[in-house]
Amino acid sequence: MDKIVIEGGRPLKGAVKVSGAKNAALPTIAACILCSGAHRLTNIPQLKDISTIKKIMSKFGILFHDEGDVLVVNSDNLTCYEAPYDLVKTMRASILLLGPLLARYGKAKISLPGGCAIGARPVNLHLKALAAMGVDMFLDHGYINAGTSGMQGANISFDIPTVTGTENIMMAAVTAKGTTVLKNSAKEPEVMDLADMLRGMGADIEGDGTDTIIIRGVKELEAARHTVIPDRIETGTFMIAAAMSKGEVKIEGCRSAHLQALIEKLDAAGARVSFSDDSIFVKGPDVIESVDIKTRPFPGFPTDLQAQFMAFMCIADGWSMIRETVFENRFIHVSELQRMGANIEINGNQALVKGVPHLLSAPVMATDLRASASLILAGLVAESGRTEVHRIYHLDRGYENMEEKFRNLGANLWREKA
Ligand code: UD1
């Protein structure tokens, strides 16, 4: 198992280009199930989660090949509709295959995703919405067995705005009979990106980006041509790293409109942030001011940047209150940051962080994807010696060439066999 070794203490300087968004690429690849033809997707990042969804879809009989930087997906013939436990357990987003399989073939068998490090993360809202659309489901030996004689449009109001839930039902509804109205749907840019792709295939969707999405079922779709949006979480991770290391970094190929909540918080922490539509420049402050954050669905502060921002606040001047309202157990990185000298107290879904002058290098263990990014950031500013981040496979699920990108900004880190 690999670990990343970091010799911290260097301010990051230079420019970095962000990759395509993992959380947008996954649903767009799943959406290729919806109709036959050669779908052409651009800006798909090379990540473990992407190879996992490709592996599952290859089992269905779907073919993938690269043509330069275009991923060509051919879903002419499906021979199997089952997503097995050994792959689904490594990536909960596999549930995204359920909606498109039902839309095209009327059947699917997907392993029920189990618990994960950041909380129970049920899929009940996906299933409830599918039931309202005429899908019969039963649970058998840990698998969701689903079938329908035809998807029906329905009025669905999500109890909680769920990102993959909204995406799943949008895909299920594009060729359903009649109109589907999704209320309290997620407004995340990744949902809008999927809606854009589906419209390009001939779907009739409006309202994405608001909390009511209307999908009028169409008879036929055609193969997609789509470019995935840049990764806002990767962008945000570099922005925080720049501010935290007191460096000066330009992040290129991003969408600043997707990061306004973070821009405001970095500004409040004393960083200088300037931006155009597709680039963001961050200059770290001499003294980091402490700032409170509360995670919220988009356009609020993203839960996927909470751990990284907490690492930043660990070296701020004063107290910062971090409230996690999206997931119930997303503070597992705290005990690792504490091993590096952070002063953090947890009370339920709130973490009170008292800034310390310096973090100290230590061996630490990554526990989930974004937690691993926060430990890398902590290692980049830690003093006296080497920080070793173990179980780095979590990072490979969601960050493309992260070490290389940090090295190009002047950081000293490398990968070793643990
Ligand atoms: C997606 C992102 C993930 C991000 C999260 C929140 C992908 C592949 N993953 O995850 O990186 O952290 O959005 O921005 O896009 N919930 C239920 N029942 C359900 C579905 C969700 O109770 O059926 C709850 C969840 O437990 C959570 C909240 O709703 O508390 C939001 O979760 P959701 O938006 O569904 O997260 P994901 O789509 O899994």
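In the predicted model described here, Asp 304 touches Asn 23, Ile 233, Arg 330 and Arg 370, with residues up to four places away in sequence not counted; contact is taken to mean heavy atoms within 4.5 Å. The model is a predicted one, in which local features need pLDDT of at least 70 and side-chain atom pairs count only at pLDDT 80 or more, whereas totals for chains, interfaces and linings use all residues. Residues are numbered from 1 along each chain as its sequence is written, and side-chain values use heavy atoms, with hydrogens and water left out.

Asp 304 is situated in the loop between β18 (293–294) and α10 (306–313), where helices (H or I, at least four residues) and strands (E, at least two) are DSSP runs numbered from the N terminus. With a relative accessible area of 16%, Asp 304 is buried, the classes being buried under 20% relative accessible area, exposed over 50% and partly exposed in between, for a 1.4 Å probe and protein chains only. According to UniProt, in an unreviewed entry, the feature "binding site" is placed at Arg 92, Asp 304 and Val 326; UniProt positions are given in the numbering used here, feature names are shortened, and annotations may be inferred rather than shown by experiment. Val 326 is found in the loop between β19 (319–323) and α11 (334–339) and, at 36% relative accessibility, counts as partly exposed. The residues touched by Val 326, again without those up to four places away in sequence, are Thr 295, Arg 296, Pro 297 and Thr 303.

The structure holds four aromatic pairs, a pair being assigned to rings of Phe, Tyr and Trp (its six-membered ring) whose centres lie within 6.5 Å, with planes under 30 degrees apart counted as stacked, over 60 as edge-to-face and the rest as tilted. Because Phe 309 and Phe 312 are three residues apart in helix α10, they are separated by about one helical turn. Ring pairs thus link Phe 301, Phe 309 and Phe 312 into a cluster; Phe 301 and Phe 309 are both buried, and Phe 312, at 0% relative accessibility, counts as buried.

Charges over rings (NZ of Lys or CZ of Arg within 6 Å of the ring centre and within 35 degrees of the ring normal) include Lys 109, which lies over the face of Tyr 143 at 5.0 Å from the ring centre, and Lys 354, which lies over the face of Trp 319 at 5.7 Å from the ring centre.

An open sheet of four strands has the order β2-β15-β17-β16, with mixed pairing; two strands pair if DSSP finds at least two bridges between them. Strands β2 (13–17) and β16 (272–275) stand at the edges with a single partner strand each, so one side of each is left without a neighbour in the sheet. The pairing of β16 with β17 (residues 279–283) is antiparallel over four bridges, and Val 273 stands opposite Val 282 in β17. Helix α8 (residues 232–244) packs on the sheet, touching β2, β15 (248–252) and β17, and its direction makes about 25° with that of β17; axes are lines fitted to C-alpha atoms, for helices over the stretch in contact, and angles run from 0 to 180 degrees between N-to-C directions. Helix α9 (residues 260–268) lies across β16 and β17 and runs at about 150° to β16.
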